[in-house]
Structure formats: structure tokens, C-alpha cells
Amino acid sequence: MDALVETLDTKLRQWNPDVAEQVKQYVAAIIEMADQDALDILRSRDADQQALDSSEESAN
């Protein structure tokens with residue numbers, strides 16, 4: 001976990017400030033969802049997006 005924190009800290013300093021702020025908001029949202037045992041919602045959204053991406057690739 002320490003390596004992840006170090007990587008995130010390094011990246012936040014390297015990225016464009018707008019990107020860094022957006023990443024911070026995403027991480028905060030994930031932490032909040034984990035605290036509420038709601039990550040299964042995030043997983044289902046990810047599965048939906050993967051299905052959409054897959055169908056788009058098949059169409060092309």
C-alpha cells in the first residue's frame with residue numbers, strides 16, 4: 001500500500017492541476033463508497049461500461 005500512496009503522491013504533483021483535482025475527487029468518492037460498503041455499485045457500472053465498449057468494438 002505504501003508504494004501505491006507514493007505513486008499517487010508523485011503523480012498528483014506531476015499532473016496538470018485540473019487532472020490532479022479530478023483524481024483526488026475520484027479517490028475520495030471511492031473511499032466514501034468503500035466506507036458505505038457500496039463498491040458493488042461501482043463494479044456494476046464498470047461491467048456495464050465494459051459491455052458497452054465491447055459492443056462498440058464489435059460494431060466496428
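Here is a short walk through this structure, stop by stop.

**Before you click.** This is a predicted model, where local features need pLDDT of at least 70, side-chain atom pairs count only at pLDDT 80 or more, and totals for chains, interfaces and linings use all residues. Residues are numbered from 1 along each chain as its sequence is written, and side-chain values use heavy atoms, with hydrogens and water left out.

**Stop 1: the whole chain.** Switch to cartoon view and you'll find three helices and zero strands, running α-α-α from the N terminus. Helices here are DSSP runs (H or I, at least four residues), strands are E runs of at least two, and both are numbered from the N terminus. Now colour by pLDDT, the predictor's confidence in each residue, from 0 to 100. The chain averages 85, and 87% of the residues score at least 70. Confidence is highest in H1, at 96, and lowest in H3, at a mean of 72.

**Stop 2: the surface.** Of the 60 residues, 7% count as buried. Buried means under 20% relative accessible area, exposed over 50%, and partly exposed in between (1.4 Å probe, protein chains only).

**Stop 3: Met1, Leu4 and Val5.** Select these three and you have a nonpolar surface patch of about 360 Å². Patches take residues with over 30% relative accessible area and no salt bridge, joining like charges within 9 Å and nonpolar side chains (Val, Leu, Ile, Met, Phe, Trp, Tyr) within 5 Å. Met1 sits in the segment before helix H1 (2-14), and it counts as exposed because its relative accessibility is 74%.

**Stop 4: Arg13 and Asp9.** Show both side chains: they meet in a salt bridge, 2.7 Å from N to O. The rule is a side-chain nitrogen of Lys or Arg within 4 Å of a carboxyl oxygen of Asp or Glu, and the count comes to one. Arg13 and Asp9 both lie in helix H1, four residues apart, about one turn of the helix. Arg13 is exposed because it has 60% relative accessibility; Asp9, at 40%, is partly exposed.

Stop 5: Finish by selecting Glu32, Asp35, Asp37 and Asp40, which gather in a patch of negative charge on the surface. Lys and Arg count as positive and Asp and Glu as negative, while His and the chain ends are not counted. Each charge is placed at NZ of Lys, CZ of Arg, CG of Asp or CD of Glu. Asp37 is in the loop between helix H2 (17-35) and helix H3 (39-59), and counts as exposed at 68% relative accessibility.

Terms used: Accessible areas come from the Shrake-Rupley method with a 1.4 Å probe; for residues, only the protein chains shown count as cover.
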